[in-house]
Amino acid sequence: MVPSDDLIAQQIAWEEEGLRRGVEAYHTNFERTCAQGGGNATGPGMALVSFLYGPLEGRIREEQQAVWSRMTDRKPKPLYDSALIALEASIIATIAASTVVAGLLGPALHDGVKRANLAKEIGSALQAQIALEQFRIGEKERLKALDAEAREEKRNLVDLAKAFQRQFPAANARQWRTWQKKIGAQDFYQWTPEAVLAVGAFLADACVDVSEGRIYRDTQMVRGKSSATYRLSAEYLQHMGIENTQLETLRPRLLPMLIPPLPWQVQETGHNQTGGFLTQRINLLRAEVYTHSAGGAGTVSELDIRALNRVQATAWQVNPKVFEVMLEAAQTGIKLPSIPLETDEEVGFQSKYPGWNAFVERFHTEGRKARLLPDAEWEALSPSAKTDVKRDILAFHEGAASMLGKRYALSEALTTASELLDIVEFYYPFNRDFRGRIYPMTLTEMQPQGSDYAKALLRFSKGKVLGTSGLRWLLIHIANCAGEDKLSLEDRVKWSLDNLEGIMGSAESPFECLWWAYKDPERRLERNERDSPWMLLAACFELAEAFAHPDGPEAFISHLPVAVDGTCNGLQHLSAMGCDPIGAAATNLLPLADRQDIYLEVAAAVREALQEDMAAGDARASAWFSEFSGSGGRKIVKRAVMTTPYGVTSAGIAKQIMKEGFTASLDGKGSELSAYMRDLIQKALTQKVSKAKEIMAWLQSAAFEMGRVGLPFRWTTPTGSQIVQAYRNLDRVTVSTLAGRIWVYKENPQSTLDLRKQSAGSAPNLVHSFDAAHLFLTVERFAGSSEAPSLALIHDSYGTHAADVEKLGRCIREAFVEIYSQNWIEKLQAEFTAYAPHAMLPEPPEPGDFEVEKVLGAEFFFS
């Protein structure tokens with residue numbers, strides 16, 4: 001369908017509106033940041049700091065040399081001499097430039113900043129930096145003299161300066177006083193107030209001198225005395241306005257399209273094609289700091305482009321019933337899943353500290369400036385009590401920040417939905433990353449790859465009669481959304497039919513009947529929520545309408561996307577690549593009667609290991625054992641198992657276990673318990689999917705050896721696209737001080753490769769490229785057997801109309817078999833050898849005897 005001139009004009013106006021909203025959001029954030037004293041962290045601020053930094057550092061070096069040459073001179077010396085040589089020029093330049101720019105872009109943007117005030121701020125910041133540097137040196141010396149036990153106890157104090165900078169990028173007065181007391185016992189040289197002002201004034205003046213007219217000194221007589229004020233020049237303010245204009249247009253609020261996206265066109269270079277939006281020029285290949293294939297070396301196959309165009313041709317509309325419920329819940333503050341409320345319980349943390357409730361009330365009015373205790377009470381606390389209070393406050397602030405982000409995301413999604421509510425069809429343009437994975441180009445929360453509630457707000461614009469097969473898959477979909485996806489398909493159908501009362505009650509009265517939201521509606525806790533409650537509600541509405549159809553549910557025209565998901569899809573690909581029968585069985589590649597759950601299998605293996613260690617008297621095993629009762633261990637091991645094919649490190653697994661709070665209630669040190677559990681999980685996983693681990697190690701070694709001879713890691717996907725992975729050592733300058741940091745990262749195509757990143761990224765990136773190829777081949781097959789199919793795709797989750805799920809399932813399996821009917825280990829090794837003949841490539845692992853054709857009959861492969 002060719003859109004009319006009116007529709008094209010509407011789309012252009014719609015894209016311009018998205019640009020206007022991006023500009024508005026940029027200015028709001030810019031003004032708020034400047035008002036809070038963070039102007040040096042804005043785009044124009046960082047640009048000005050970077051501009052001043054180079055020549056200022058040179059000016060300071062010159063003056064430092066002059067100071068040394070004046071040492072033997074008997075003439076009076078400037079008060080700032082000793083201060084100026086106490087730190088490296090790079091650190092002094094960072095502090096001075098950051099302080100000056102923060103002041104000039106602060107609340108007094110148009111009024112200027114008094115020279116004396118800037119001088120004092122710069123001088124005080126330098127003195128603080130020197131104190132911390134001296135403390136760090138002294139602490140290291142004392143640490144060397146301690147025995148091993150004492151050294152371990154004090155290890156976290158070795159680098160106090162860096163710890164302070166990491167914890168408090170912008171230090172406030174109380175934090176600085178606290179840290180001053182930690183270093184107060186040291187005999188530091190204290191500058192006189194005159195010296196503080198002298199060194200600060202010299203550096204402030206130097207900033208003006210090297211600014212090339214961007215900053216000027218306005219001197220006036222006030223009450224008979226000369227008073228200097230620093231201001232940004234009118235020319236620079238105008239330039240900053242232009243710079244702001246350039247920055248504000250870099251992130252327009254890209255909205256769904258009112259007409260079908262422009263098809264992507266294949267070009268000889270394979271990248272930087274045009275497509276998607278009408279007026280916003282966005283490349284086919286996403287590229288950030290590392291360009292990889294987008295740098296020009298990779299190619300994109302015609303098949304990939306064709307499939308991508310088919311995905312973005314899907315027409316969507318807002319699901320009005322879900323929108324109505326969600327909007328009312330958000331506006332009236334009804335407690336439902338994913339609806340963040342402005343109460344301290346919703347922050348997710350409650351402290352036992354007696355003054356906590358008062359602190360929470362102050363937080364709602366004062367924000368992060370709110371204090372829990374007056375200074376005197378704080379100082380009276382024991383060190384352990386202070387640690388507990390800090391931990392509680394940190395947990396509260398993290399929860400508050402998370403809730404704020406959730407509120408914004410929900411508000412943005414509902415705003416977008418309200419604007420598109422009456423639009424019969426709209427579209428999402430897609431592009432891809434360097435591996436081939438596809439993503440919507442819109443910058444909205446409501447999109448087909450969004451959260452549960454974001455996906456629930458959408459339905460296909462085109463409807464399709466359910467039929468017998470569609471009704472069956474709608475019932476399966478309901479069970480899946482409720483978290484019953486471990487059952488057989490027929491048992492899922494039965495489960496949904498057995499719960500018709502809850503389904504119909506949810507559709508009729510979603511605020512009174514909360515069956516759709518919670519497993520037990522009387523216990524409205526997050527851990528009691530359904531797996532995908534809002535998608536479940538959408539399915540309840542759909543089934544209720546189907547049953548109300550006068551000609552029976554099979555005659556109902558359904559618009560609901562129904563998806564089938566892979567089982568730990570990364571391991572599915574690695575198991576098939578290695579023809580591993582054990583891994584194939586564990587990840588449902590075989591036609592077995594029961595659905596396999598690799599997470600439960602790994603959890604069971606861990607439980608056995610815990611029993612053995614408990615018998616040997618290991619206290620760590622005793623601490624963990626009760627957590628592995630029933631299916632409780634599944635959630636503990638799931639993330640580690642799921643992320644292993646995607647390159648998670650051992651340290652990463654241990655951090656995941658702690659971050660998810662699994663060690664919080666256990667007896668023992670959290671870091672030791674998480675490391676112990678990490679080791680048990682990895683051992684159990686190796687037993688279950690050893691071939692996958694072998695393939696990953698082979699790919700990592702191959703990428704490392706290619707990097708050693710200066711070659712990026714390169715391979716060709718099953719759909720013919722050539723992928724290039726090139727993590728190069730970035731050109732960068734980083735200087736960290738209490739006043740802030742300056743860092744610039746820039747990829748240099750001529751720089752050497754980061755061998756660690758090349759090795760770590762090889763297996764996950766190759767697996768991602770293969771799951772992307774599987775998606776493209778599935779779309780190619782499915783589109784060939786359907787007329788303009790509607791598709792809802794998320795990497796390893798494939799959705800379409802309920803009536804077409806059976807057909808889609810066949811295409812998913814056939815495409816997978818098409819890929820792995822070839823010996824990809826042998827094929828990749830031959831490609832690696834031809835590409836990198838001088839590299840010492842490792843021998844590939846031997847394949848097993850799994851026959852990939854069995855996937856055709858594997859009911860739970862994607863279900």
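## Overall fold

Of the contacts in the chain between residues at least 6 apart in sequence, 71% join residues at least 24 apart; a contact means heavy atoms within 4.5 Å. This is a predicted model, where local features need pLDDT of at least 70, side-chain atom pairs count only at pLDDT 80 or more, and totals for chains, interfaces and linings use all residues. Residues are numbered from 1 along each chain as its sequence is written, and side-chain values use heavy atoms, with hydrogens and water left out.

The chain holds 31 helices and 17 strands. Both are DSSP runs, numbered from the N terminus: helices are H or I with at least four residues, strands are E with at least two.

## Burial and surface

The chain has 863 residues, and 52% of them are buried (under 20% relative accessible area, 1.4 Å probe, protein chains only).

Three strands form an open, antiparallel sheet in the order 5-4-8. Strands pair if DSSP finds at least two bridges between them. Strand 5 (426-427) and strand 8 (458-460) are the edges, each pairing on one side only.

Strand 4 (residues 315-318) is joined to strand 8 by three bridges. Val-318 has Leu-458 in strand 8 as its bridge partner.

## Around Pro-712

Pro-712 lies in the loop between helix 28 (690-708) and strand 12 (713-716). Its relative accessible area is 13%, so Pro-712 is buried.

Pro-712 and Val-724 are 12 residues apart in sequence and 6.5 Å apart in space, C-alpha to C-alpha.

Technical notes. Buried means under 20% relative accessible area, exposed over 50%, partly exposed in between (1.4 Å probe, protein chains only).
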